[in-house]
Amino acid sequence: MSTAMRVALTGRNVEITPSLRQLVGRRLTRLERLLNDNALSAQVVLTREKHRHVTDIIVHTRGDHILKGLGNDGTWPQSVGVAVEKVMQQAHKVKERWEDRKRRARGGRTVTPAVARPEEAPSQGPHIVRARRYAVKPMRIEDAALAVAVDTNAFLVFRNAETDEVTILYRRKDGHLGLIEP
């Protein structure tokens, strides 16, 4: 829904004729198109001082922005055109600021796309949990057997004190201990 900008036209030492009103209306149409519904009202003062035609335009926009343009020339079309161009330049700057603010607001809320996780393969067996460190202590086989019997772990990796090789002692399902010497 578009709301038209209210225009107040005042003449000082000038009679506001329908053609003069139409001229100002046509020039302000470009400004309305640029600002869309953000232009609330415009106050246009036309003043004639001897041979000079002075146009003073004040436009109120949303966000309490006030755009001002002053045109001073020999004819009304040129004077109004100069004033409207000055207001248009200010309107472009204001509109850029509004759009930048919108972009920043959108940019802050955007969520970075989640990194696609590789699909986990369906588990086909027991899950493997890696232990980062495991202390391999030198000990005799008898001491390792006592450690496995007391410990809750089902195995023990140790360095055999007699052969100086890494050896694994584990608890078997039948309750006996198994020894692996690679």
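The accessible surface of the chain comes to about 13,900 Å², of which 52% belongs to carbon and sulfur atoms, as computed by the Shrake-Rupley method with a 1.4 Å probe, only the protein chains shown counting as cover for residues. The model is predicted, and local features need pLDDT of at least 70, side-chain atom pairs count only at pLDDT 80 or more, and totals for chains, interfaces and linings use all residues. Residues are numbered from 1 along each chain as its sequence is written, and side-chain values use heavy atoms, with hydrogens and water left out.

The chain contains three helices and eight strands, these being DSSP runs (helices H or I, at least four residues; strands E, at least two) numbered from the N terminus, and their order from that end is β-α-β-β-β-α-β-α-β-β-β. Of the 182 residues, 26% count as buried, where buried means under 20% relative accessible area, exposed over 50%, and partly exposed in between (1.4 Å probe, protein chains only). Contacts (heavy atoms within 4.5 Å) between residues at least 6 apart in sequence join, in 38% of cases, residues at least 24 apart.

Thr 61, which is found in strand S3 (residues 52-61), is buried because its relative accessible area is 3%; leaving aside neighbours within four places in sequence, Thr 61 is in contact with Leu 35, Asn 38, Ala 39, Leu 40, Leu 67 and Trp 98. Arg 101, which lies in helix H2 (residues 76-109), is by contrast exposed, with a relative accessible area of 53%.
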